[in-house]
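Reader: I'm new to this one and would like a close look at a single part. Could you walk me through the nonpolar core and the helices around it?

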Amino acid sequence: MKTTETSTAGTAEPLPHVVKTDLPGAKPRKNKRGDGRVLNVFSHGMLILWAFMVVMPLLWAVMTSFKDDNAIFSSPWSLPDRLHFENWSRAWSQAHMSDYFLNTVLVVAGSLAGTLLLGSMAAYVLARFDFPGNRFLYFLFIGGMSFPIMLALVPLFYVMNNIQLLNTIHGLILVYIAYSLPFTVFFLTAFFRTLPTSVAEAALIDGASHTRTFFQVMLPMAKPGLISVGIFNFLGQWNQYMLPTVLNTEQEQKVLSQGLVQLAVSQGYKGDWSGLFAGLVMAMLPVLAAYIVFQRQVVAGLTAGALK
């Protein structure tokens, strides 16, 4: 008779719960949550302090632009008794801020469009195509960022004078473009390298030329980078003072930065400080509006390369 052997082994009993205790002499664990809270409070405090230091001068300038001259000196930190809009009208008409504003808009609009067009084309070629001298041209653009503009003022003045572009709007536009191209090419070259190559290859396989691929495929994909570098160039070109001072000596061609300095100097003993602050706020408003409107696009353009 065959017998079958059955296992008599029972199920293992559960082990008793072991309580972990710190060994004698061991260092106590640090409270990471408490350290994180302290760091969070410190960082928020520094941000609030920095925001206060930046916002308060702007608010004070706007508030002062609506005061009269007596209130500016007698009670500089108090609110205006009423809104003196005549300060703005006087600065706009009598101080010729309208002419300076129009000249600045024309120069910055032309130079910004030319900078973005030429800079994006050069950056796309340097980022996507391998050819002899690629790295040399790239480092040549980077070298332009380290060249101080002060060293180029005197030869630039004579060059502009010889080609009959001195005291002209289009001459100043060309100088702004040349001055802004190194940073634009450096920024956009790194951005174009992050874009997928398969999209451009698919467009070329479908029969698109390199020009059409760039303008209809790659350039729309680089919109965040274009907006970011456009904002930086807009800030620099709008607030530019050294170049127009040297290259624009005629009254009809002066820009806002020159107009504000002339308004401050030409006051003499009159002391039209209310008109000066009104002109200052006029010059600041477009820059603040541009940054507020395109704030999300600027952050997206700066972080796009890191996220991909």
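Author: Of the 25 residues in the largest nonpolar core, the ones that touch the most other members are W88, M97, F234, W238 and L256. A nonpolar core here is a set of buried Ala, Val, Leu, Ile, Met, Phe, Trp, Tyr and Cys residues joined through side-chain atoms within 4.5 Å, and buried means under 20% relative accessible area, with exposed over 50% and partly exposed in between (1.4 Å probe, protein chains only). Keep in mind that this is a predicted model, where local features need pLDDT of at least 70 and side-chain atom pairs count only at pLDDT 80 or more, while totals for chains, interfaces and linings use all residues. Residues are numbered from 1 along each chain as its sequence is written, and side-chain values use heavy atoms, with hydrogens and water left out.

Who supplies this core? Two or more residues each come from α3 (86-93), α4 (97-128), α10, α12 and α13, and α13 gives the most, with 9 residues. Those labels are DSSP runs numbered from the N terminus: helices are H or I with at least four residues, strands E with at least two.

Take W238 up close. Leaving aside neighbours within four places in sequence, W238 is in contact (heavy atoms within 4.5 Å) with F101, T104, V105, V108, L256, A283, P286 and V287. There's also a second, separate core of 19 residues, and L153, L172, Y176 and V255 are among them.

The axes of α12 (residues 256-265) and α13 (residues 273-293) come within 10 Å and cross at roughly 170°; axes are lines fitted to C-alpha atoms, for helices over the stretch in contact, and angles run from 0 to 180 degrees between N-to-C directions. On the α12 side, L256, L260, L263 and A264 make the contact, and on the α13 side G275, L276, G279, L280 and A283 do. That contact divides into 7 nonpolar, 2 polar and no charged residues, where Ala, Val, Leu, Ile, Met, Phe, Trp, Tyr, Cys and Pro count as nonpolar, Asp, Glu, Lys and Arg as charged, and the others, Gly among them, as polar.

One last stop is S65, in the loop between α1 (32-64) and α2 (69-74). S65 counts as buried because its relative accessibility is 0%. Not counting residues up to four places away in sequence, S65 touches H84, N87, W88, S274, F277, A278 and V281.
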